[in-house]
Amino acid sequence: MTDADRWFGSSEVVVAEDGRRYTFADHHCFACGGTNPNGMRLRIEIGHDMARTTWVAGDDFVGWSDKIHGGIIATLLDEVMAWAPSSDDAWAVTAEMTIQYRSPAAPGEELRAIGRVLRQRRRIYDVTGEVRGADGRVIAEGSGKYLGAAPSDKVALKERYGVLSGTGGE
């Protein structure tokens with residue numbers, strides 16, 4: 001499987017295996033929404049049991065001593081780990097997350113984050129992730145448990161986020 005085969009969508013558009021395209025309406029999420037003027041505006045790429053993004057933090061995200069705030073790094077990591085179950089139509093939220101910080105990140109540095117589903121038990125997804133700097137060094141590593149939405153809640157979530165497809169959106 002090539003890298004291009006693994007990635008079939010983003011936090012904006014998903015292409016299903018049957019060729020249908022699903023689009024997400026813009027929203028106010030601090031991490032991945034485009035309407036939040038103070039947000040990160042991440043564009044998440046979605047693959048089979050994985051998600052990734054690339055982001056450059058500006059000076060507005062600095063914490064101590066001209067380094068990117070650890071909470072912002074945690075948000076970046078949490079976002080890719082929460083999106084990783086998306087290939088299973090999970091609409092997952094964080095239930096538990098653990099982070100190990102390995103190296104500081106500087107404003108203006110390109111950060112790459114990836115999350116991967118390790119296993120699924122019913123609606124619980126065990127996920128791992130990492131954030132790396134432009135030079136490949138590990139900034140942070142994490143793991144967590146993510147709870148997928150109940151089937152009855154997915155319809156409301158799809159309506160709330162304007163998920164539409166060319167053939168009905170189901």
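In the predicted model, Asn36 lies in the loop between strand 3 (21–23) and strand 4 (45–47); helices (H or I, at least four residues) and strands (E, at least two) are DSSP runs, numbered from the N terminus. Residues are numbered from 1 along each chain as its sequence is written, and side-chain values use heavy atoms, with hydrogens and water left out. Because the model is predicted, local features need pLDDT of at least 70 and side-chain atom pairs count only at pLDDT 80 or more, whereas totals for chains, interfaces and linings use all residues.

Asn36 counts as buried because its relative accessibility is 10%; buried means under 20% relative accessible area, exposed over 50% and partly exposed in between (1.4 Å probe, protein chains only). Neighbours within four places in sequence aside, Asn36 is in contact with His27, His28, Cys29, Phe30 and Arg41, contact being defined as heavy atoms within 4.5 Å.

Cys29 is itself partly exposed, with a relative accessible area of 29%. The closest cysteine sulfur to that of Cys29 belongs to Cys32 and is 3.7 Å away, too far for a bond. A disulfide is a pair of cysteine sulfur atoms within 2.5 Å, and by this rule the count is 0 disulfides. Cys32 is buried, with a relative accessible area of 10%.

The largest nonpolar core contains 32 residues, of which Trp55, Ile73, Leu76, Leu111 and Val131 touch the most other members. Such a core is a set of buried Ala, Val, Leu, Ile, Met, Phe, Trp, Tyr and Cys residues joined through side-chain atoms within 4.5 Å. At least two residues of this core are supplied by each of strand 5 (50–56), helix 2 (70–83), strand 7 (110–121), strand 8 (124–132) and strand 9 (138–147). Helix 2 provides the largest share, 8 residues.

Beyond residues up to four places away in sequence, Trp55 touches Met40, Leu42, Phe61, Ile72, Leu76, Glu109, Glu110 and Leu111. Trp55 and Phe61 are both buried. The count of aromatic pairs is 1, under the rule that rings of Phe, Tyr and Trp (its six-membered ring) pair if their centres lie within 6.5 Å, with planes under 30 degrees apart stacked, over 60 edge-to-face and the rest tilted. Trp55 and Phe61 form an edge-to-face pair, 5.1 Å centre to centre with 75° between the planes.

Strand 5 and strand 7 pair in the antiparallel sense over 7 bridges, where pairing requires at least two DSSP bridges between two strands. Thr53 has Ala113 in strand 7 as its bridge partner. Strand 4 also runs antiparallel to strand 5, joined by 3 bridges, and Glu45 stands opposite Arg52 in strand 5.
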